Amino acid sequence: IQQVQTKFIFDRYMDQLEVPDMAPLAEERYQTERDKYARVDEKRLGSHILFACPPGCPRDEVRPTAEEVMLKLNQGEKFETMVAQYSSDEGTKRKGGRFSFWMAQGDPRLSPHFLAGLFSIEEVGGYSDIVETEFGLHIIRLDEIQDAYYRPFEEVREEIIDALEGEYRELAGKEFKARYLLSDEVRIDGEAMEEIFAPYKTE
């Protein structure tokens, strides 16, 4: 009964809670926490040559071929030619080894090792070292870079206001509950509770 009564009071309080206008604070929050609300991280496009070798495959037998291809590329051999001749990834092989989507750090679609290799390349057109993933060995080429940038305030304004209103409600709820914390020594006055809840009772 105590829990039901407490929940009733809390829900009623939250329903009637007046949230102040957060618009002025939103612009301030945009300035102080732009990384959280507005930053779009750097993205990259890349291509690769896959020398397939899943778990259990003896990679020492595959690595000499990958190293030979790496040497040819560094000597000026055309990347697309090496893709057509050596790559085991049929999905990208038809496109010269090129992936069709932008990739960012932490992208769940790709192995962290693959992403580390892609983002280690210093300039467009450059190659990674030979990278190992669960699929085998890769030689990765960096094709394009989309630099990190910040979305303008107007684009994220409502998102920030929603977050601020949520924070306000959460803090107000915690403060309200803290005022009515009960210890083991507390005893509920039944008559007083009946009087308090009388206006809310239905027949």
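Mentor: Gladly! Let's begin with a term: helices (H or I, at least four residues) and strands (E, at least two) are DSSP runs, numbered from the N terminus. With that in hand, Ser 128 sits in the loop between helix 7 (112-120) and strand 3 (131-133). Keep in mind that this is a predicted model, where local features need pLDDT of at least 70, side-chain atom pairs count only at pLDDT 80 or more, and totals for chains, interfaces and linings use all residues. Residues are numbered from 1 along each chain as its sequence is written, and side-chain values use heavy atoms, with hydrogens and water left out.

Trainee: Is Ser 128 buried or exposed?

Mentor: Buried means under 20% relative accessible area, exposed over 50%, and partly exposed in between (1.4 Å probe, protein chains only). Ser 128 has a relative accessible area of 3%, so it is buried.

Trainee: And which residues does Ser 128 touch?

Mentor: A contact means heavy atoms within 4.5 Å. Not counting residues up to four places away in sequence, Ser 128 touches Met 70, Gly 117, Ile 121, Ile 139 and Ile 140.

Trainee: Where does Arg 29 lie?

Mentor: Arg 29 belongs to helix 2 (residues 23-32). Its relative accessibility is 15%, so Arg 29 counts as buried. Leaving aside neighbours within four places in sequence, Arg 29 is in contact with Arg 34, Tyr 37, Ile 160, Leu 164 and Glu 167.

Trainee: Which residues touch the most other members of the largest nonpolar core?

Mentor: A nonpolar core is a set of buried Ala, Val, Leu, Ile, Met, Phe, Trp, Tyr and Cys residues joined through side-chain atoms within 4.5 Å. The largest one here has 14 residues, and those touching the most other members are Ile 49, Phe 51, Val 69, Leu 73, Met 82, Tyr 86 and Ile 139. Strand 2 (43-52), helix 4 (59-74), helix 5 (79-86) and strand 4 (136-146) each give two or more residues to this core. Helix 4 gives the most, with five residues.

Trainee: How many helices and strands are in the chain?

Mentor: The chain has nine helices and five strands. As for overall form, the radius of gyration is taken over C-alpha atoms, and the globule rule is 2.2 Å times the number of residues to the power 0.38. For 203 residues that rule gives 17 Å, but the chain's radius of gyration is 30 Å, well over that value, so the chain is more spread out than a compact globule. Its C-alpha trace spans about 90 × 45 × 30 Å along the principal axes.
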